Each structure stands twice: as structure tokens, then as C-alpha cells.
Amino acid sequence: MALCAKKRPPEEERRARANDREYNEKFQYASNCIKTSKYNILTFLPVNLFEQFQEVANTYFLFLLILQLIPQISSLSWFTTIVPLVLVLTITAVKDATDDYFRHKSDNQVNNRQSQVLINGILQQEQWMNVCVGDIIKLENNQFVAADLLLLSSSEPHGLCYIETAELDGETNMKVRQAIPVTSELGDISKLAKFDGEVICEPPNNKLDKFSGTLYWKENKFPLSNQNMLLRGCVLRNTEWCFGLVIFAGPDTKLMQNSGRTKFKRTSIDRLMNTLVLWIFGFLVCMGVILAIGNAIWEHEVGTRFQVYLPWDEAVDSAFFSGFLSFWSYIIILNTVVPISLYVRYVPSLPRGLSREPGGPIALFFSMKMKSLRSNLKSSSSCTVNI
């Protein structure tokens with residue numbers, strides 16, 4: 001999995017030569033291994049805690065816990081705060097770990113799919129994660145496309161093939177792709193093994209409907225467009241077989257470029273809760289300030305008369321400092337104005353997107369009417385009969 005996360009310098013253009021791994025390896029292109037998970041065993045605890053403490057309520061209760069560990073200002077046991085805080089953090093962490101486990105499982109399943117790759121003139125079974133830029137792949141009917149491929153030839157006349165792009169754009173209708181005429185006759189393994197054309201094209205991007213490039217072969221150059229490409233995530237339909245040249249692999253494919261990095265999602269309710277907690281905390285601070293001022297005034301005007309019976313602590317040397325400590329004590333005592341149960345929320349099971357992450361709430365719904373509905377009714381306006 002280390003190859004999945006390998007950082008590379010940004011590209012200005014993509015060069016891919018068919019059947020020449022040694023040439024293509026010098027560009028340090030990404031392998032076909034994908035990674036959609038967020039954590040591993042070492043990073044789970046620090047990263048997950050960092051994400052959880054971005055919630056204002058969790059940070060607030062951690063702050064209270066630290067205050068309760070100071071004996072000069074705390075009149076409550078730290079146990080009353082740490083138990084519910086740890087409980088909430090644990091439940092959330094277990095949920096996040098479960099979700100990420102299924103991401104790891106899905107990644108392993110996809111990376112270990114089998115594909116037929118032309119190596120040294122022989123078709124060999126290779127795992128998807130071992131497919132490299134410049135390899136020639138054979139696809140058969142109803143198979144998923146392993147990487148972004150330049151269509152070279154197919155079993156259909158004129159190098160045509162049919163694909164389903166439901167995983168890319170949600171459309172289940174068939175789309176037609178066609179190989180350029182110069183390669184459409186390369187249906188034989190021996191001819192494909194001798195193919196040494198080089199593709200120079202745009203760098204990896206997330207534009208599903210655009211592609212521009214040029215194929216250089218036999219001292220000629222041939223323009224390439226999106227109609228010549230088979231994108232990862234598509235399914236070959238109604239076509240017995242086809243061959244394709246890998247142009248983009250793994251994280252460089254348009255599918256993965258659109259899926260983006262797995263993020264810690266926040267709904268509008270989460271943002272509302274953060275705002276409410278900040279307002280409640282502001283109200284709590286105001287209450288603490290008022291009570292602390294009252295304490296300082298009382299200590300200065302009245303409390304000094306009872307030093308014999310109610311002496312100050314050793315660290316307290318003035319009424320002002322006594323009021324300062326009282327402020328934090330009141331913050332602890334009145335901490336229940338922000339209930340931790342505020343963040344116990346229901347997480348619905350929603351459809352999953354390209355990142356295999358549970359979808360968020362629907363904010364906008366777009367609808368498009370493709371055709372006007374008309375009533376085809378015919379009525380008789382006049383009739384003439386000749387007798």
C-alpha cells in the first residue's frame with residue numbers, strides 16, 4: 001500500500017509508450033493501486049481524536065476536564081466529566097473505525113481484481129494494483145475497465161465498443177467508443193506485442209467529458225479525443241473483447257480525481273450545534289464574570305472581617321485573585337448548561353458515492369424535464385358527404 005500514497009512532482013504532460021515499462025517507469029507515474037481509507041493502525045488514534053476535537057462541544061468538555069484537575073478552583077470530581085466525554089469519543093471512534101475498515105476491505109477487493117495484461121507478447125493474469133502506465137489490457141464483455149485506457153481495437157467492426165458509465169455519471173444507457181482507424185486492425189496478439197506507439201496527452205484531471213492527446217506511431221501522428229477513451233469505472237457491454245493502452249492509472253484516473261480525498265464530513269446540523277455551543281459558552285462566561293465580580297466585591301468589603309473563621313488559601317493574597325479563581329470555579333459548577341448529550345445524534349444510512357463514504361443530507365434537488373407531455377387527441381371539426 002506504500003505505492004498508493006507515493007508523492008510525485010506535478011505533470012505538465014503525460015507520455016506513455018506502449019509495451020515499454022522501462023521507459024514509462026522513469027516518469028514515476030502512479031501505480032494502479034487505489035486508497036480511499038483515511039486511517040491505518042498507527043494514525044487512527046491521533047487523526048481521529050484531532051477530527052473529533054474539531055467539534056466545539058468536545059473541545060469544551062476537554063477544557064473543563066483540565067480545569068477540574070486543578071484543586072484550587074475545582075469543587076467537582078474530574079470523574080463526572082471524563083466518563084461521558086470518553087464514552088462519546090469512544091462511540092464515535094468505533095463508528096469511524098468500522099467505516100474505515102470497510103473502506104480498507106473495498107480497496108483490497110478492487111486492487112486484487114484480475115485483468116489480462118499483455119507482457120512479453122503473452123496475455124497474463126495480473127492484479128489491478130500491478131497494472132502500469134503503458135500496459136496493453138484485454139477486456140471482455142461485462143468486465144470493469146481497470147484504468148483509463150486508449151481504445152486500440154475491438155471485436156466489433158471499425159473498432160467500435162459499447163460501455164456503461166453508471167459509476168461515473170449515473171447514466172445506464174450505452175455509450176459508443178471507437179478506436180482510431182490506424183489501430184483498429186490490431187486485434188491479433190502478435191501485432192499488439194509489436195505496437196510501440198507513444199501517446200502524449202494532457203496531465204491527469206477530473207474532466208470526464210474531455211480528453212486531448214496525440215498518438216505518435218510509424219513517424220505519423222494521430223489526434224485523440226474523449227471518444228477514443230475508456231475510463232476506469234466503466235463496464236464493457238455488448239462487445240466480446242477489446243484492447244486498450246493504459247494512459248492514467250490509480251489515483252490519476254478521472255474516477256479517482258473526481259472522488260477526492262476522504263474528508264471528515266459535517267452537516268448543517270453539526271455547524272448549527274457548534275454555533276449554539278459557542279453562544280451558550282458565551283452566556284456561561286458572562287455568568288461567571290458577574291459572579292466572580294460579586295465574589296471579589298464581597299471578599300473586599302465583607303470577607304476580610306472573617307479571615308479568622310474563613311481564611312483564604314495560601315495562594316490567595318487578594319480579593320481580586322480570589323474573584324479570578326472563583327470565575328473558573330463557577331465555569332466548572334455551571335458546566336451543565338452545555339449538555340454533552342447535545343451531540344448524541346442519529347446518523348442515517350444513505351447512498352454511498354465514489355469515495356464509498358456515507359452521503360450527506362440533501363441540500364438542493366435539481367430536476368430537468370427532458371420532453372414536454374402532450375395529449376394527442378384528435379377531434380372532428382367538419383365533415384362533407386357527397387350523395
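Q: How many helices and strands are there in the protein chain?
A: The protein chain has nine helices and 13 strands. Both are DSSP runs numbered from the N terminus, with at least four residues (H or I) for a helix and at least two (E) for a strand. This is a predicted model, in which local features need pLDDT of at least 70 and side-chain atom pairs count only at pLDDT 80 or more, while totals for chains, interfaces and linings use all residues. Residues are numbered from 1 along each chain as its sequence is written, and side-chain values use heavy atoms, with hydrogens and water left out.

Q: What share of the protein chain counts as buried?
A: Of its 387 residues, 39% count as buried. Buried means under 20% relative accessible area, exposed means over 50%, and partly exposed lies in between (1.4 Å probe, protein chains only).

Q: What part of the accessible surface of the protein chain belongs to carbon and sulfur atoms?
A: These atoms hold 60% of a surface of about 23600 Å². The areas come from the Shrake-Rupley method with a 1.4 Å probe, and for residues only the protein chains shown count as cover.

Q: Why is Trp78 called partly exposed?
A: Its relative accessibility is 40%, and the partly exposed class runs between the buried and exposed cut-offs, so Trp78 belongs there. Trp78 lies in the loop between helix H3 (56-68) and helix H4 (79-111).

Q: What makes the nonpolar surface patch that includes Trp78?
A: Leu69, Trp78, Phe79 and Val83 make this patch, which covers about 410 Å². Patches are made of residues with over 30% relative accessible area and no salt bridge; nonpolar side chains (Val, Leu, Ile, Met, Phe, Trp, Tyr) are joined within 5 Å, and like charges within 9 Å.

Q: Why is the pair of Phe63 and Trp328 called edge-to-face?
A: Rings of Phe, Tyr and Trp (its six-membered ring) pair if their centres lie within 6.5 Å; planes under 30 degrees apart count as stacked, over 60 as edge-to-face and the rest as tilted. For Phe63 and Trp328 the centres are 5.9 Å apart and the planes are at 70°, so the pair is edge-to-face. Phe63 lies in helix H3 and Trp328 in helix H9 (residues 319-333), so the pair ties together parts that are 265 residues apart in sequence.

Q: Are Phe63 and Trp328 buried or partly exposed, and how do you know?
A: Phe63 has a relative accessible area of 31% and is partly exposed. Trp328, at 23%, also counts as partly exposed.

Q: What makes Lys218 count as a charge over the ring of Trp217?
A: A charge sits over a ring if NZ of Lys or CZ of Arg is within 6 Å of the ring centre and within 35 degrees of the ring normal. Lys218 lies over the face of Trp217, at 4.4 Å from the ring centre. Arg113 lies over the face of Phe144 at 4.9 Å.

Q: Why is the contact of Asp252 and Arg14 called a salt bridge?
A: A salt bridge is a side-chain nitrogen of Lys or Arg within 4 Å of a carboxyl oxygen of Asp or Glu. The closest N and O atoms of Asp252 and Arg14 are 3.0 Å apart, so the pair qualifies. Asp252 and Arg14 are buried.

Q: What joins Glu198 to Arg15 and Arg17?
A: Glu198 meets Arg15 in a salt bridge at 3.4 Å, N to O, and Arg17 in another at 3.5 Å. Salt bridges that share partners join Glu13, Arg15, Arg17, Asp20 and Glu198 into one network.

Q: Why is Glu198 called buried?
A: Its relative accessible area is 12%, which is under the 20% limit, so Glu198 is buried. Arg15, at 28%, is partly exposed.
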